[in-house]
Amino acid sequence: MAVEQSLTPRGEQTRIHDIGYRHYDGPRLGRAYARRSLYSQSLRGSYGLGRSVKSKVLPMLLFVVMCIPALIMVAVAVATKAKALPVDYTRYAVIMQAVIGLYVASQGPQSVSRDLRFKTVPLYFSRPIETVDYVRAKYAALASALFVLTTAPLIVLYVGALLAKLDFVDQTKGFGQGLVSVALLSLLFAGIGLVISSVTPRRGFGIAAVIAALTISYGAVSTVQAIAFEQSSSSAVPWLGLFSPITLIDGVQTAFLGATSAFPGSQGPSTGQGVVYLVVVLGLIAGSYGLLTRRYRKVGL
């Protein structure tokens with residue numbers, strides 16, 4: 001409220017205005033609302049929504065690239081009246097792992113590196129939001145964006161299979177197995193991408209590091225597996241798959257989801273080895289969350 005005080009030195013009137021700050025008396029929506037808002041904004045940002053046209057190009061292009069092979073497979077299956085799809089639902093993400101890795105490399109740093117670079121993280125924590133809220137929102141947003149990216153082509157395959165009049169029960173079962181597989185993949189890749197991206201405020205370094213961790217590691221592990229298989233060391237092939245994120249997912253779905261392994265000679269892990277794969281995957285997901293939480297507790301100080 002303005003308070004006026006009149007002074008009349010030498011016949012001139014002077015006014016002093018005390019405008020102060022008005023207190024907010026409306027509803028306070030709290031941490032849950034802030035967390036939901038941060039999640040929705042981060043998810044939209046993963047596809048460039050609400051940002052410049054330039055920011056939309058790469059994520060939308062990668063989304064289209066993910067779906068085009070599925071559309072081609074569906075068209076071929078319908079035109080030739082095939083009795084099965086060319087690729088199983090659980091195999092599609094493994095085949096397209098380079099595109100998925102590139103998406104994580106581009107959007108992981110975009111999600112967190114900018115906050116580090118411009119030192120806006122302490123501003124988040126100056127409000128009711130806490131460290132765990134920030135980490136959960138960012139993790140859930142990138143995992144959701146990845147799930148959308150990897151699920152869309154599976155939906156295309158499933159709808160196409162039904163249009164081609166393939167067996168409904170078999171296709172529904174395969175589609176469900178594919179959803180479980182890409183859900184695990186989304187959580188694992190999002191965690192790894194965010195942990196690496198949170199180390200450096202420079203987006204370029206983050207992109208290179210994520211590509212190395214996801215894509216290059218797959219190439220290296222696949223090469224070593226092929227060498228071991230050719231050297232008659234087939235028993236080592238499943239264990240080597242523990243050293244790459246995408247081969248971890250391949251091993252889990254081979255052991256528990258009835259998928260055909262992409263390992264050389266289809267030397268996928270047994271059920272017992274699959275338990276080790278699953279423990280490693282869940283451990284990496286939980287470990288990524290823990291590392292992110294500790295990292296941002298330090299950043300927010």
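Okay, housekeeping. The model is predicted, so to speak of local features we need pLDDT of at least 70, side-chain atom pairs count only at pLDDT 80 or more, and totals for chains, interfaces and linings use all residues. Residues are numbered from 1 along each chain as its sequence is written, and side-chain values use heavy atoms, with hydrogens and water left out.

Let's start with the rings. There are 5 aromatic pairs in the structure; rings of Phe, Tyr and Trp (its six-membered ring) pair if their centres lie within 6.5 Å, and planes under 30 degrees apart are stacked, over 60 edge-to-face, and the rest tilted. Take Tyr47 and Phe63: the centres are 6.3 Å apart and the planes sit at 85°, so that one is edge-to-face. Tyr47 is in the loop between α1 (30-45) and α2 (53-80), while Phe63 is in α2, so the pair ties together parts 16 residues apart in sequence. Helices here are DSSP runs (H or I, at least four residues), numbered from the N terminus.

Tyr47 also pairs with Tyr103, and this pair is tilted, at 5.6 Å centre to centre and 40° between the planes. Tyr103 belongs to helix α4 (residues 97-117), 56 residues away from Tyr47.

The cut-offs are under 20% relative accessible area for buried, over 50% for exposed, and partly exposed in between, using a 1.4 Å probe and protein chains only.

Now α2 itself. At 1.5 Å a residue, its 28 residues should span 40 Å, and the end C-alpha atoms are 40 Å apart, which agrees; the expected span is 1.5 Å times one less than the number of residues. Its buried residues, including Pro59, Met66 and Val74, pack against α3 (89-95), α4 and α6 (131-163), with contact meaning heavy atoms within 4.5 Å.

What about the surface? Leu58, Leu61, Val65 and Leu102 form a nonpolar patch there, with about 290 Å² of accessible area together. α2 gives the most to it, 3 residues. Leu102 lies in α4, partly exposed at 36%.

How values were computed: Helices (H or I, at least four residues) and strands (E, at least two) are DSSP runs, numbered from the N terminus. Patches are made of residues with over 30% relative accessible area and no salt bridge: like charges are joined within 9 Å, nonpolar side chains (Val, Leu, Ile, Met, Phe, Trp, Tyr) within 5 Å. Accessible areas come from the Shrake-Rupley method with a 1.4 Å probe; for residues, only the protein chains shown count as cover. A salt bridge is a side-chain nitrogen of Lys or Arg within 4 Å of a carboxyl oxygen of Asp or Glu.
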